[in-house]
Amino acid sequence: MIHFVGAGPGAVDLITVRGKTLLEQADQIIYAGSLVNPELLSYAKKDCVILDSASMTLEDVIAAMETAEKLGWMTVRLHTGDPSVYGAIREQMDILAEKNIAYDVVPGVSSFCGAAAALKAEYTLPSISQSVIITRMEGRTPVPDGQKIADYAAHQATMVIFLSASLTEGLQKELMDGGYDSDTPAAIVYKASWPDEKIYPCTVATLAETARQNGISKTALIVVGKVLEGPYDRSLLYHPAFTHACRKAEPDTQQYGDHFKTDDHR
């Protein structure tokens, strides 16, 4: 059996209980060594075979899985964050299915959630943004037509940008070409949830310079959007004037305001 397990954003205690249990039981662990916190390997059994996939090809990974299956071993394929986001798991699962090798997927806490926690931010705020766009800059891997940064920037939604810390000059230009104002709040979150986590607040116009000044070129997410600071409307869910299935509106609600202002701490 092959278990694709999300390792979480970095902190050892942010792996799921199920993921930790599988690591403890695994006969073989194949982990993304360039991204996964190696301290997670401390959960492994003493005789567990541990392989770093950073130097392996897809064919190498599949061969290691096949060898383990022939030996009757259980394998954990440990991916950073949640395997479904830039995890390159589909190609692995398709081959396993062709070979009739059983597998399942254990979700993990994505780094985009870790970044929100680090920023103490809510990605979806009434009247500001009700959508989160998870995307990446076009680099050596092409981006489909209609899915470039500038295309998404036109929506003015919250944007979380992966795999782009080394491309901030082009990213900054595309964000502004697509419609973000130059003073739109942004933040670079380096190694969210790791012990050496760093947060660099900036704007769209200062994004590239902020990355350059702080030597950020990898292992960072970029968050863009007005949810990072400024006024927003109060949620109706807990508003005393709002009736829903679990609560009736209070009779006198005129004294309650509808707007809040966030602290400018990002």
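The model you see is predicted, and the mean pLDDT of its protein chain is 91. Helix α6 has buried residues along one face, and the structure holds 3 aromatic pairs.

**How confident is the model?**

- Of the residues in the protein chain, 93% reach a pLDDT of 70 or more.
- Residues 260-266 have a pLDDT below 50. In the model, this stretch makes 18 contacts beyond near neighbours in sequence.
- Where pLDDT is low, the predicted coordinates should not be read in detail.

- Find helix α6 at residues 168-178, where Thr-168, Leu-171, Gln-172, Glu-174, Leu-175 and Gly-178 are buried.
- Why do the buried residues of α6 line one face of the helix? Looking down the axis of α6, you find them within an arc of 165 degrees, so they line one face.
- Turned away from that buried side is a face with the exposed residues Glu-169, Lys-173 and Asp-177.
- What do the buried residues of α6 pack against? Their partners are α5 (149-153), β7 (158-162), α7 (207-213) and β10 (220-224).
- After α6 comes Gly-179, which has a positive phi, near 130 degrees.

**Aromatic rings**

- A pair of aromatic rings is described by the distance of the centres and the angle of the planes.
- Among the 3 aromatic pairs in the structure is the one formed by Phe-4 and Tyr-103, which is edge-to-face, with 6.1 Å from centre to centre and 85 degrees between the planes.
- This pair links distant parts of the chain, since Phe-4 belongs to strand β1 (residues 2-6) and Tyr-103 to strand β5 (residues 103-106), 99 residues apart.
- Are these two rings buried or exposed? Phe-4 is buried, with a relative accessible area of 0%, while Tyr-103 is partly exposed at 30% relative accessibility.
- Phe-112 and Tyr-123 form a stacked pair, because their ring centres are 6.1 Å apart and their planes stand at 20 degrees.
- Phe-112 sits in helix α4 (residues 111-119), and Tyr-123 in the loop between α4 and β6 (132-136), 11 residues apart. Both Phe-112 and Tyr-123 are buried.
- Another ring to look for is that of Trp-194: Lys-191 lies over its face, at 4.1 Å from the ring centre.

**A closer look at Ser-164**

- Ser-164 is in the loop between β7 and α6, and it is buried, with a relative accessible area of 1%.
- A polar atom of the Ser-164 side chain lies 2.6 Å from the backbone oxygen of Phe-162.
- Which residues does Ser-164 touch, leaving aside those up to four places away in sequence? They are Arg-136, Met-137, Leu-171 and Ile-222. Leu-171 is one of the buried residues of α6.

**A closer look at Ile-134**

- Ile-134 is part of strand β6 and counts as partly exposed, at 32% relative accessibility.
- Not counting residues up to four places away in sequence, Ile-134 touches Val-85, Tyr-86, Phe-112, Val-160 and Phe-162. Phe-112 also belongs to the stacked pair with Tyr-123.
- From C-alpha to C-alpha, Ile-134 and Thr-219 are 16 Å apart in space, and they are 85 residues apart in sequence.

Methods
Residues numbered from 1 in each chain as written. Predicted model: local features only at pLDDT ≥ 70, side-chain atom pairs only at ≥ 80, totals over all residues. Heavy atoms only, no water. Buried < 20%, exposed > 50% of the residue type's maximum accessible area, 1.4 Å probe, protein only. Helix = DSSP H or I, 4+ residues; strand = E, 2+ residues; numbered from the N terminus. Arc of directions from axis to C-beta. Contact = heavy atoms within 4.5 Å. Phe/Tyr/Trp six-rings, centres within 6.5 Å; stacked < 30°, edge-to-face > 60°. Lys NZ or Arg CZ within 6 Å of the ring centre and 35° of its normal. pLDDT = per-residue confidence, 0-100. Polar contact = N/O pair within 3.5 Å; in protein donor to acceptor, adjacent residues only side chain to side chain.
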